[in-house]
Amino acid sequence: MPGDRALDAAGPIGLVGLGLVGSALARRLVAGGFDVIGYDLREEARAALRSSGIRTVDSPRDIGSACATVVLAVFDTRGVIDATEGPLGLIAGGAVRRLVDCSTGDPDLLESLAKRLATQGVELVEAPLSGSSSQIAAGDATMLIGGDEAAVRASDPVLAALSSRRIRVGGAGMGARAKLATNLVLGLNRAALAEGMVLAESIGIAPAQFLELVLATPARSDAALAKGAMMVAGDFAPQSRIRQHLKDVDLMLDSSRSTGQRLPLSETHAALMRAAVAAGDGDLDNAAILRQLRRERHKD
């Protein structure tokens with residue numbers, strides 16, 4: 001049980017954000033023996049968590065009054081800041097001593113947040129996860145950890161419950177930087193698979209046969225393994241969403257502009273995802289980039 005572990009924040013673990021990732025993290029924490037208290041802006045998300053037997057509350061402050069350690073799985077860093085420092089935020093609850101942020105966020109904003117929290121005796125550990133919500137639920141996603149070494153060590157029981165595959169990449173902000181760089185490659189792999197599939201279709205190769213060819217050649221990738229069958233079947237029930245990855249790619253492009261480095265492939269990828277969102281596909285799985293590429297094929 002958590003109270004028997006080397007975690008100074010014994011007691012319930014708070015969880016803010018109950019979407020695809022947050023719900024998967026809740027299952028990981030419960031399976032690890034933790035008592036979980038959850039919050040989400042959406043009542044339907046809170047109700048879904050309650051239906052699985054997990055307590056929910058009405059504000060982050062309520063979690064912050066009951067939990068010393070809180071896991072965050074919100075959409076972006078602005079959401080992290082609001083949930084943490086807002087008038088009904090976690091810090092207002094008075095009990096929080098450590099935040100474990102599993103969102104994909106803005107490295108500079110997270111660095112600044114970590115400094116502000118430190119002055120209040122609160123540690124921030126970045127723990128973004130590379131993988132779909134189903135991989136996260138299975139414990140197979142890779143966690144990229146940023147933060148003070150002592151804080152990371154103290155958080156290890158929670159981190160271990162969330163993922164068996166963990167890599168520490170440096171201090172505050174470095175978890176987000178590592179996630180953005182690796183997500184760039186993942187997203188382009190996925191888009192390349194979809195573009196290859198529309199080319200194959202246009203020259204008379206059926207999607208299923210094309211996927212078989214990809215998996216049997218050096219073109220094989222984890223993206224093809226994870227998303228290829230979804231593309232072939234046209235099943236785009238979300239494990240991760242286009243609009244979420246567009247948010248990540250926008251962060252990549254912002255970071256690259258600050259260093260003077262262009263990312264021409266990611267610029268094209270972002271334009272495709274913006275068009276997909278405009279066409280109503282933003283809440284579909286990332287594999288649905290295939291639909292936008294098909295629309296591009298028919299433009300002329």
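Helices (H or I, at least four residues) and strands (E, at least two) are DSSP runs, numbered from the N terminus. The model is predicted: local features need pLDDT of at least 70, side-chain atom pairs count only at pLDDT 80 or more, and totals for chains, interfaces and linings use all residues. Residues are numbered from 1 along each chain as its sequence is written, and side-chain values use heavy atoms, with hydrogens and water left out.

**View A. Glycine 93 in helix 5.**
Helix 5 covers residues 90-93 and contains glycine 93. Glycine 93 counts as partly exposed because its relative accessibility is 22%. The classes are buried (under 20% relative accessible area), exposed (over 50%) and partly exposed (in between), with a 1.4 Å probe and protein chains only. Serine 65 is 28 residues from glycine 93 in sequence. In space, the two C-alpha atoms are 4.0 Å apart.

**View B. Strand 1 and its pairing with strand 2.**
Two strands pair if DSSP finds at least two bridges between them. Strand 1 (residues 13-16) pairs with strand 2 in the parallel sense, over four bridges. Isoleucine 13 has valine 36 of strand 2 as its bridge partner. A crossover is right-handed if, with the strands pointing away from the viewer, the path from the first strand over the helix to the second runs clockwise.

**View C. Strand 2, covered on both faces.**
Strand 2 spans residues 36-39. Val36 and Gly38 are buried on one side. Ile37 and Tyr39 are buried on the other. Strand 2 also pairs with strand 3 (residues 55-56), parallel, over two bridges. Here isoleucine 37 has arginine 55 as its bridge partner. From strand 2 the chain passes through helix 2 (residues 43-51) to strand 3, again in a right-handed β-α-β crossover.

**View D. Strand 4 and its two parallel partners.**
Strand 4 runs over residues 69-72 and has both faces covered. Thr69 and Val71 are buried on one side, Val70 and Leu72 on the other. Strand 1 pairs with strand 4 in the parallel sense over four bridges. In that pairing, leucine 15 has valine 71 as its bridge partner. Strand 5 (residues 98-101) pairs with strand 4, also parallel and over four bridges. Arginine 98 of strand 5 stands opposite threonine 69.

The whole structure holds zero disulfides. A disulfide is a pair of cysteine sulfur atoms within 2.5 Å. Cysteine 67 is buried, with a relative accessible area of 0%. Cysteine 102 is buried too, at 5%.

**View F. The second largest pocket.**
Rolling a probe the size of a water molecule over the atoms shows where empty space is left. On a 1 Å grid over the protein atoms alone, a cavity is a set of points where a 1.4 Å probe fits but cannot get out, and a pocket is an open set with protein on both sides within 12 Å along at least five of seven lines; lining residues have an atom within 4 Å of a point. Grid points are joined across faces, edges and corners, and a volume is the space filled by probe spheres set on the points. The second largest pocket holds about 250 Å³. Its lining includes Asp106, Pro107, Arg177, Leu251 and Thr259. Helix 6 (107-118), helix 10 (174-202) and helix 13 (242-259) each give two or more residues to this lining. Helix 13 supplies the largest share, six residues. By class, five lining residues are nonpolar, three polar and four charged. Ala, Val, Leu, Ile, Met, Phe, Trp, Tyr, Cys and Pro count as nonpolar, Asp, Glu, Lys and Arg as charged, and the others, Gly among them, as polar.

**View G. The largest cavity.**
A search of the whole structure finds one cavity of 30 Å³ or more. The largest cavity has a volume of about 40 Å³. Among its lining residues are Gly187, Arg190, His245, His269 and Asn286. Helix 10, helix 13 and helix 14 (264-278) each supply at least two lining residues. Helix 10 gives the largest share, three residues. The lining divides into four nonpolar, four polar and one charged residue.
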